[in-house]
Amino acid sequence: MTIHLSILIFWPLALAVLGGLAPRRAAPVFALVGALVPLGYAVLMLLDFKAGGGLQYVTDDEWIAELGVHYKLGVDGVNAWLVALTALLFAASAVWLMLRPPVRASLFAVHFGIAETAVLGAFLAQDLALFVLFFDLMLVPFYFLVGQWGGPDRVAAAMKMVVYTLVGSLLMLAGAAATAVLSARGPAELTFVLSDLARNPLPESTQKWIFVTFALAFLIKMPAFPFHGWMPDAYRTMPLPALAVFSGVVSKVAAYGFLKLVMPLFPAAVADFKLALLIFGLASILYGSVQAFTQTNARLILGYSSMAQLGFIVVGLFAADAAGAGAQGALLQAVNHGLVVAPLFFVVALLVERAGTEDITAMGGMAVRAPVLAALFLISALATLAMPGSANFAGEFLILLGAFEAEMAVAFVASLGVVLASVYALRMYIRTMHNRLAPGVTSVDLSLRDAIVLVPLVLCIIAFALYPQQALRDSEPDVKASMAPVVQADGGAAAQTAEATP
Amino acid sequence: MSLTTLAWLVLLFPLAGAVVIALTWRLLPWKAHGWIGTGAIGLSFAAAVGTLIALQGRGEEDRQVVSVAWDYAETSGVDAQLSILIDPLSVFMICVVSGVSTLIHLYSVSYMASDRGYTRFFAYLNFFVFSMLLLVLAGNFMILIVGWAFVGAASYFLISFWYRRTTATAAGIKAFVINVLGDVGLVLGTYFIFRGTGSLDFLRTFEEAGQAFSHNDPDLVAGCLLLLVGAFAKSAQVPLHTWLPDAMEGPTPVSALIHAATMVTAGVYLIARMHPLFELAPTAADVGAIIGCATMLIAASIAMVVTDLKRVIAYSTMSQIGYMVMAVSSAAYAAGLFHLMTHAFFKALLFMAAGSVIAAMAGVQNLDRMGGFRRAMPFTFACMVIGGLTLSGIPPLSGFFSKDEIISLLFERGDWHVALGVLGYLGALLTAIYTFRMIFRAFFGEPVPEARELEQGHLFHAEQHTNPATGEVEDTDVGFPGPEHHIAEREGTMKVAMGALAALAVLGGAVQIPKVNESLHHFLEPTFHDSRLYEELAPSGTAIWIGMGLGATLGALGIFIAYTLWVKRPEQPARIRERLAFAHDFFAHKWYFDEVIDFLVVRPFAWTGRFAANTFERVVVNGALVDGTSVAVRAASAAVRGVQSGYLRYYAALLLVGITGLGAYFLISA
């Protein structure tokens, strides 16, 4: 029993509130400390993490006794690297915000702090009710960040985002309540603790409808095709430092939710709906890629490319191959995508500064006097298209391998997304950095304050590319454990069909 | 130093070179970067030779060594390590690659001297060499794919090197995307093989393959065909070849190194490396042989009519790689690799000579504008002729031996491979014709003004440079092409590089002369010890001599035809073109591959994208789903009349407040 995780989760919130109360000049320092301490914490925790050591740094207090809700937190192989990623991206954004303060910076920082607390809480929660709480809390700060600091049409975009994702959240809330109530043998045994719930699986028919509520919530949050209606408007208008963490980690909470909650709790339903979810994944890959090479707004290109990448994650998770390659790849890819998309959004911010527009057809030639910016952009772009040698490739390789073992056709269709990724990533790079300098565009290299944010992130990409093994080693036992019920249910179903056929 | 240390050093020097050049781009004077780059590759070559010596010091059974640096992505039964395989095949490849690369770096030191992107050029070039060496040294599929993609990326960087040209950036993305298609083929092929053998490691895969797959097992055939997709994309075999001619947008040393001598031969290496699998799946191997043959002829036919100097050589490269693919797919491994080596020498030489001519023309590459450079550029002319004779297979130059080795083994293989051999002779005739067409048109006839000026000791300078493809005025302020040009006649380093390659092109055949000296065949034996056909395929003495005689005759005949057409009767080609207008148009349009691919692939995707962005998103995603949800929410809120105030937004805000309040309540109550 330790208090470490509670400090980790609530530190950003506490510092943000303090910063809000402190004199205006001191506020950025508070925000920075609020983001850097969790990063240090997360890194130490990662170094200290024992692969296969079960849940670590556990905090478990009874919270609402009459409902069986626990305040239970813990680190395992599934969330360890995601927590570190969250801390890293929030720290990078905090540095960025300190060096380029937005209007009403201290209020911005408060929302940012709430956001980090919510995301970390969602990743670390080991209780279903606690997860739902943090999951919905994530929406609040981003609602205000869009609604108050966004670009044109911010109010409409914020409403659309909130209403649409809230519908999913409410469904999930109902699903979560039903899970606890229906799996309890009596009112005294009501519990929301994940490990207890996993021990009492629900009957298959119940699992099915509850699964649908969770799946909808997560697919909307990611977003996956065709539930992404809120995404273009929100991405178009959200302030870029917020978008970097939003796209980098908030969407990962949904992917994480599938792996951490849905797989162990509703294995039979997963086995039933496997094909449907694989198709949603494939559709996201293809639709996202096609949109990404058609859109001309740099933010939307990244938004749709994220949709395609999350499609890969869905495919990896629901491949549910016996060896577990797909799920392992999906988790690795979740970390990779966050690590790559955040610097890309910062790059977009720099491009917009130089071009005065977000339309890539009006940009061009910016590499001329900006070789460092061009190099950092190129490395990130190559990583995002999952060039072999990047950790993204290791992730995609495992995902496609899992899909290949489960449903060969899925792997073939998904691999089309790999080719399309090279088209949209390079198109964006070439249209902005290469060819002639477009009228009204200036070519200026990275300043020191940009380099402080971008260079460490790109170095992380390179380091991760050289040695993805550590993340895989840390996560393997727990990912396997999470997927085991599904593999078993799936194997059982397959065996049944095999018996039925002759 | 041990064998493995040396092999890792082969990889490390170019990587270190690229990193050092990139990090010191502002600290050191630009001239230093050329020498750092050349030195790094030179050291790499020295280490490669050291590896060769160390390998030969071992017993024959002991010449396949795997060295692991660290685990890369070992999980869920996937054994992906960062490992290299040192065996005769990989050592042969690293020696050829690093050796030729050293010379081309040396050439570039002068050739690129006035380019503003000098430093960037050498960083990319070193990165390329690192990638290529990683590709050939890879000890498992994962690292092979990494090297495979890295060379593709390096090729992209260098094709788009003069990125101010829209033609260069378009050529770059085309090359990259087709190469990624190849990568995907490789990945999927790997899955098929992995599923059978349960290992990514090469040696373990080859060991297991015999038990895991039956003869012509459908899984293995599928896997091998997918590997061929990778090989074809990289080695520019039809129909995945369309990027190679466009790749000539890159600087000429790039064309020499990447798009002639090394990267494009990766497919040949791949098939040779995977020979145990292809021998188990002969159907796939047959497909490889047929495609190689088709590419050989198609490319040769286009090379007959193309008027861009570099593209003639590019199509010739495609054609020659067709020979190599045909050879290794027909189990003539040593012959294919032998041709790979000699081709690296003479084709790099031809490109270098072409670069010298293009520099003298101040960037113009059109053969129609050239002529009479023979007296103005004697050294370049001599190199071009040596390269041309070697390419045409004139004895006793190296290309003569390597090409005839391939054709004679095709005949020896029997069955329908005989047809491939016959077509191989046809290709040889065409090769000689198009090669000397190019040489006669550039160097013979009336000297053009540029050649005249050079004869009087002045290098021609254009008032302003224009992109030949678009007519756009070049931006000489940054990058291409720099105000100065450098020709071999005036640059010592270029002369040294070209001289060395010319010597290799002339003498390189000595490593493998049938019945006289078969050292290459013996050297490679430990890699191919498990091949059924490697030892079996050995043509008899008379067949060899007849074949060689025929090959030499055809080469000479081709040169004679070219001489008649373009020197003796220069009015004749126009008349032939008129009479065969249909064929000429068909060849000049490159068999319409670009148009067909555009129609079948590019346009449908672009259309789908527009439909998704303009219509589908609005009608279905926003219309049906988002608005539908709003309607549902509104309906639900209407149901709870008491609370709702008529506005959706208040309702949503209420939900938000409600949930936050709920959370706060529980927090406090805890």
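Reader: Which residues make the nonpolar surface patch of about 570 Å²?

Author: The patch is made by A:Ile379, A:Val455, A:Leu459, A:Ile462, A:Leu466 and A:Tyr467, together with B:Trp70. Keep in mind that this is a predicted model.

Reader: Which helix gives the largest share of the nonpolar patch?

Author: Helix 18 of chain A, residues 448-466, supplies four residues, the largest share. A:Val455 lies in that helix. With a relative accessible area of 30%, A:Val455 is partly exposed.

Reader: How should I read the overall form of chain A? What radius of gyration does chain A have?

Author: For 502 residues, a compact globule would come near 23 Å; chain A has 22 Å, so the value agrees with the rule. The C-alpha atoms of chain A fill a box of roughly 70 × 60 × 45 Å along the principal axes. The chain holds 19 helices and two strands.

Reader: How many salt bridges are found over all chains?

Author: The search of the whole structure finds 28. To read one, look at the N to O distance, then at where the partners lie. The side chains of A:Glu358 and A:Arg299 meet at 2.8 Å, N to O. A:Glu358 is in the loop between helix 14 (325-355) and helix 15 (371-384), and A:Arg299 is in helix 13 (residues 298-319), so the pair ties together parts of chain A that are 59 residues apart in sequence.

Reader: Is A:Arg299 buried or exposed?

Author: A:Arg299 counts as buried, at 6% relative accessibility.

Reader: Which residue does B:Lys174 pair with in chain B?

Author: B:Lys174 forms a salt bridge with B:Asp246, the closest N and O atoms being 2.9 Å apart. B:Lys174 is in helix 6 (residues 166-197) and B:Asp246 in helix 9 (residues 243-246), 72 residues apart. B:Asp246 counts as buried, at 19% relative accessibility.

Reader: And B:Arg603?

Author: B:Arg603 meets B:Asp598 in a salt bridge at 3.0 Å, N to O. B:Arg603 counts as exposed at 51%, and B:Asp598 as partly exposed at 25%. Elsewhere, salt bridges that share partners join B:Lys174, B:Asp246, B:Asp308, B:Arg311, B:Lys590 and B:Asp594 into one network.

Key
Residues are numbered from 1 along each chain as its sequence is written. Chains are lettered from A and ligands numbered from 1 in the order in which they are written. This is a predicted model: local features need pLDDT of at least 70, side-chain atom pairs count only at pLDDT 80 or more; totals for chains, interfaces and linings use all residues. Side-chain values use heavy atoms; hydrogens and water are left out. Patches are made of residues with over 30% relative accessible area and no salt bridge: like charges are joined within 9 Å, nonpolar side chains (Val, Leu, Ile, Met, Phe, Trp, Tyr) within 5 Å. Accessible areas come from the Shrake-Rupley method with a 1.4 Å probe; for residues, only the protein chains shown count as cover. A salt bridge is a side-chain nitrogen of Lys or Arg within 4 Å of a carboxyl oxygen of Asp or Glu. Buried means under 20% relative accessible area, exposed over 50%, partly exposed in between (1.4 Å probe, protein chains only). The radius of gyration is taken over C-alpha atoms; the globule rule is 2.2 Å times the number of residues to the power 0.38.
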